[in-house]
Amino acid sequence: MSSTDAVTFWDGVYAARPAADGPQPNARLTETVTGLPPGDALDLGCGDGGDALWLARTGWRVTAVDISEVAVERLAALARSHGLGDRVTTARADLHKSFPPGGFDLVSAHYLHTPFDLDRATVLRSAALALRPGGRLLVVDHGSAAPWSWNQESDVHYPSPREVAAGIGLPPQTWTVERADAPRRIATGPDGRTAEVTDHVLLIRRTA
(Lines give C-alpha, C1' and ligand atoms only; values in the text may rest on other atoms or scores of the structure.)
Protein backbone atom coordinates (compact mmCIF):
# COMPACT_ATOMS: atom_id res chain seq x y z
CA MET A 1 0.00 0.00 0.00
CA SER A 2 1.21 3.51 -0.81
CA SER A 3 2.07 6.37 1.47
CA THR A 4 -0.96 8.20 0.07
CA ASP A 5 -3.17 5.32 1.21
CA ALA A 6 -1.69 5.56 4.71
CA VAL A 7 -2.33 9.31 4.93
CA THR A 8 -5.91 8.84 3.73
CA PHE A 9 -6.49 6.00 6.20
CA TRP A 10 -5.18 7.83 9.28
CA ASP A 11 -6.80 11.14 8.32
CA GLY A 12 -10.05 9.19 8.12
CA VAL A 13 -9.49 7.60 11.54
CA TYR A 14 -9.10 10.98 13.24
CA ALA A 15 -11.71 12.82 11.19
CA ALA A 16 -14.29 10.15 12.09
CA ARG A 17 -14.19 11.07 15.78
CA PRO A 18 -14.68 14.43 17.49
CA ALA A 19 -11.61 16.45 18.35
CA ALA A 20 -10.67 15.97 22.01
CA ASP A 21 -10.69 19.04 24.25
CA GLY A 22 -8.55 17.46 26.96
CA PRO A 23 -6.84 14.29 25.70
CA GLN A 24 -5.21 12.29 28.48
CA PRO A 25 -1.58 11.14 28.45
CA ASN A 26 -0.68 7.48 28.27
CA ALA A 27 -0.11 5.91 31.67
CA ARG A 28 3.24 4.38 30.67
CA LEU A 29 4.52 7.81 29.69
CA THR A 30 3.57 9.52 32.94
CA GLU A 31 4.95 6.74 35.14
CA THR A 32 8.23 6.75 33.21
CA VAL A 33 8.83 10.47 32.80
CA THR A 34 7.64 11.81 36.16
CA GLY A 35 10.76 12.85 38.04
CA LEU A 36 13.00 13.21 35.00
CA PRO A 37 14.49 16.67 34.33
CA PRO A 38 12.58 18.29 31.44
CA GLY A 39 14.35 18.78 28.14
CA ASP A 40 13.54 18.24 24.46
CA ALA A 41 11.06 15.48 23.65
CA LEU A 42 9.96 13.89 20.39
CA ASP A 43 6.49 12.34 20.27
CA LEU A 44 6.28 9.87 17.38
CA GLY A 45 2.70 9.29 16.23
CA CYS A 46 1.24 11.99 18.48
CA GLY A 47 -2.40 11.20 17.66
CA ASP A 48 -4.87 13.22 19.74
CA GLY A 49 -1.97 14.88 21.57
CA GLY A 50 -2.47 13.85 25.20
CA ASP A 51 1.20 12.91 25.62
CA ALA A 52 2.54 16.05 23.96
CA LEU A 53 0.34 18.36 26.04
CA TRP A 54 1.22 16.61 29.30
CA LEU A 55 4.93 16.80 28.53
CA ALA A 56 4.64 20.50 27.70
CA ARG A 57 2.76 21.19 30.93
CA THR A 58 5.52 19.52 32.92
CA GLY A 59 8.24 21.67 31.34
CA TRP A 60 9.31 19.76 28.24
CA ARG A 61 9.77 21.30 24.80
CA VAL A 62 7.92 18.92 22.50
CA THR A 63 8.14 18.11 18.81
CA ALA A 64 5.00 16.13 17.98
CA VAL A 65 4.67 14.35 14.64
CA ASP A 66 2.04 12.21 12.99
CA ILE A 67 1.29 11.01 9.49
CA SER A 68 -2.21 12.50 9.78
CA GLU A 69 -2.60 16.17 8.95
CA VAL A 70 -5.91 16.10 10.81
CA ALA A 71 -4.14 14.95 13.99
CA VAL A 72 -1.32 17.51 13.90
CA GLU A 73 -3.62 20.42 13.03
CA ARG A 74 -5.91 19.53 15.92
CA LEU A 75 -2.98 19.23 18.30
CA ALA A 76 -1.52 22.58 17.21
CA ALA A 77 -4.87 24.26 17.87
CA LEU A 78 -5.19 22.52 21.24
CA ALA A 79 -1.68 23.56 22.29
CA ARG A 80 -2.49 27.19 21.49
CA SER A 81 -5.82 27.05 23.33
CA HIS A 82 -4.10 25.62 26.42
CA GLY A 83 -1.38 28.28 26.35
CA LEU A 84 1.26 25.77 25.29
CA GLY A 85 1.82 26.88 21.73
CA ASP A 86 5.36 27.98 22.51
CA ARG A 87 6.27 24.54 23.93
CA VAL A 88 4.67 22.25 21.32
CA THR A 89 5.82 22.13 17.71
CA THR A 90 3.74 19.96 15.40
CA ALA A 91 4.56 18.56 11.98
CA ARG A 92 3.14 15.98 9.62
CA ALA A 93 5.77 13.30 9.05
CA ASP A 94 5.77 10.02 7.18
CA LEU A 95 8.23 7.88 9.15
CA HIS A 96 8.29 5.40 6.27
CA LYS A 97 10.21 8.05 4.30
CA SER A 98 12.15 10.18 6.78
CA PHE A 99 12.85 10.83 10.45
CA PRO A 100 12.43 14.22 12.17
CA PRO A 101 15.74 16.09 12.60
CA GLY A 102 17.22 17.20 15.90
CA GLY A 103 18.59 15.86 19.17
CA PHE A 104 16.33 14.83 22.03
CA ASP A 105 16.37 13.89 25.70
CA LEU A 106 13.26 11.75 25.28
CA VAL A 107 11.70 10.00 22.32
CA SER A 108 8.28 8.50 22.95
CA ALA A 109 6.77 5.96 20.55
CA HIS A 110 3.38 4.80 21.84
CA TYR A 111 1.47 2.19 19.83
CA LEU A 112 3.34 2.87 16.61
CA HIS A 113 1.40 0.21 14.74
CA THR A 114 -0.06 0.54 11.26
CA PRO A 115 -1.56 -1.70 8.55
CA PHE A 116 0.77 -0.02 6.07
CA ASP A 117 4.44 -0.52 5.25
CA LEU A 118 6.67 0.74 8.05
CA ASP A 119 10.14 -0.54 8.93
CA ARG A 120 9.71 -0.06 12.66
CA ALA A 121 13.17 -1.33 13.52
CA THR A 122 14.73 1.36 11.34
CA VAL A 123 12.45 4.04 12.77
CA LEU A 124 13.26 3.04 16.35
CA ARG A 125 16.97 2.82 15.58
CA SER A 126 16.79 6.36 14.20
CA ALA A 127 15.00 7.39 17.38
CA ALA A 128 17.77 5.93 19.53
CA LEU A 129 20.42 7.68 17.44
CA ALA A 130 18.56 10.97 17.92
CA LEU A 131 18.99 10.74 21.71
CA ARG A 132 21.50 12.88 23.52
CA PRO A 133 23.71 11.13 26.11
CA GLY A 134 21.49 10.23 29.05
CA GLY A 135 18.36 10.44 26.89
CA ARG A 136 15.69 7.77 26.83
CA LEU A 137 13.66 6.01 24.17
CA LEU A 138 10.27 4.80 25.43
CA VAL A 139 8.53 2.26 23.19
CA VAL A 140 5.07 1.12 24.25
CA ASP A 141 3.39 -1.46 22.03
CA HIS A 142 0.14 -3.33 22.15
CA GLY A 143 0.49 -6.75 23.76
CA SER A 144 -3.18 -7.52 23.08
CA ALA A 145 -6.02 -6.08 21.01
CA ALA A 146 -8.65 -3.86 22.60
CA PRO A 147 -12.24 -4.35 21.37
CA TRP A 148 -12.10 -0.98 19.58
CA SER A 149 -8.76 -1.62 17.83
CA TRP A 150 -8.62 -1.40 14.05
CA ASN A 151 -6.65 -4.67 14.09
CA GLN A 152 -8.81 -7.60 15.20
CA GLU A 153 -6.95 -10.41 13.43
CA SER A 154 -6.75 -13.45 15.69
CA ASP A 155 -3.28 -14.57 14.55
CA VAL A 156 -1.43 -11.30 15.25
CA HIS A 157 1.97 -11.74 16.89
CA TYR A 158 2.81 -9.07 19.44
CA PRO A 159 6.62 -8.95 19.72
CA SER A 160 7.90 -8.87 23.27
CA PRO A 161 9.92 -5.86 24.45
CA ARG A 162 13.09 -7.97 24.29
CA GLU A 163 12.26 -8.95 20.70
CA VAL A 164 11.79 -5.28 19.82
CA ALA A 165 15.12 -4.41 21.46
CA ALA A 166 16.86 -7.19 19.55
CA GLY A 167 15.33 -5.96 16.30
CA ILE A 168 16.66 -2.45 16.86
CA GLY A 169 20.12 -3.93 17.34
CA LEU A 170 21.75 -1.27 19.52
CA PRO A 171 25.25 -1.97 20.91
CA PRO A 172 25.14 -2.41 24.72
CA GLN A 173 28.25 -0.25 25.09
CA THR A 174 26.14 2.79 24.16
CA TRP A 175 22.53 1.91 24.98
CA THR A 176 21.12 0.21 28.08
CA VAL A 177 17.74 -1.47 28.39
CA GLU A 178 16.26 -0.07 31.61
CA ARG A 179 12.85 -1.71 31.36
CA ALA A 180 11.33 -4.54 29.34
CA ASP A 181 8.05 -5.92 30.68
CA ALA A 182 4.37 -6.53 29.89
CA PRO A 183 2.08 -4.86 32.46
CA ARG A 184 -1.70 -4.96 32.21
CA ARG A 185 -4.12 -2.07 32.67
CA ILE A 186 -7.73 -1.03 32.17
CA ALA A 187 -7.97 1.02 28.98
CA THR A 188 -10.74 3.34 27.82
CA GLY A 189 -11.57 3.49 24.11
CA PRO A 190 -12.73 6.45 22.01
CA ASP A 191 -16.37 5.51 22.62
CA GLY A 192 -15.96 5.23 26.39
CA ARG A 193 -15.80 1.43 26.57
CA THR A 194 -13.24 -0.12 28.91
CA ALA A 195 -11.24 -3.33 28.66
CA GLU A 196 -8.18 -4.94 30.22
CA VAL A 197 -5.22 -4.81 27.84
CA THR A 198 -1.54 -5.71 27.91
CA ASP A 199 1.21 -3.21 27.13
CA HIS A 200 4.69 -4.17 25.98
CA VAL A 201 7.04 -1.59 27.49
CA LEU A 202 10.63 -1.02 26.42
CA LEU A 203 12.79 1.75 27.88
CA ILE A 204 16.27 2.30 26.50
CA ARG A 205 18.78 4.88 27.77
CA ARG A 206 21.70 6.23 25.79
CA THR A 207 24.68 5.98 28.09
CA ALA A 208 27.37 7.54 25.89
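The buried residues of helix H6 are covered by, among others, helix H5 (120-129), strand S5 (131-142), strand S6 (175-181) and strand S8 (194-206). Here, buried means under 20% relative accessible area, exposed means over 50%, and partly exposed lies in between, using a 1.4 Å probe and protein chains only. Helices (H or I, at least four residues) and strands (E, at least two) are DSSP runs, numbered from the N terminus.

A word on the model: it is predicted, so local features need pLDDT of at least 70 and side-chain atom pairs count only at pLDDT 80 or more, while totals for chains, interfaces and linings use all residues. Residues are numbered from 1 along each chain as its sequence is written, and side-chain values use heavy atoms, leaving out hydrogens and water.

Which residues of H6 are buried? In this helix, residues 161-168, they are Pro 161, Val 164, Ala 165 and Ile 168. Looking down the axis of H6, you find its buried residues within an arc of 100 degrees, so they line one face of the helix; the arc is that of the directions from the helix axis to the C-beta atoms. Arg 162 and Ala 166, on the other side of H6, are exposed. After H6 comes Gly 169, with a positive phi near 70 degrees.

Now for the whole chain. The protein chain has 6 helices and 8 strands, in the order α-α-β-α-β-α-β-β-α-β-α-β-β-β from the N terminus on. Of its 208 residues, 45% are buried.

Note on methods. Contact = heavy atoms within 4.5 Å.
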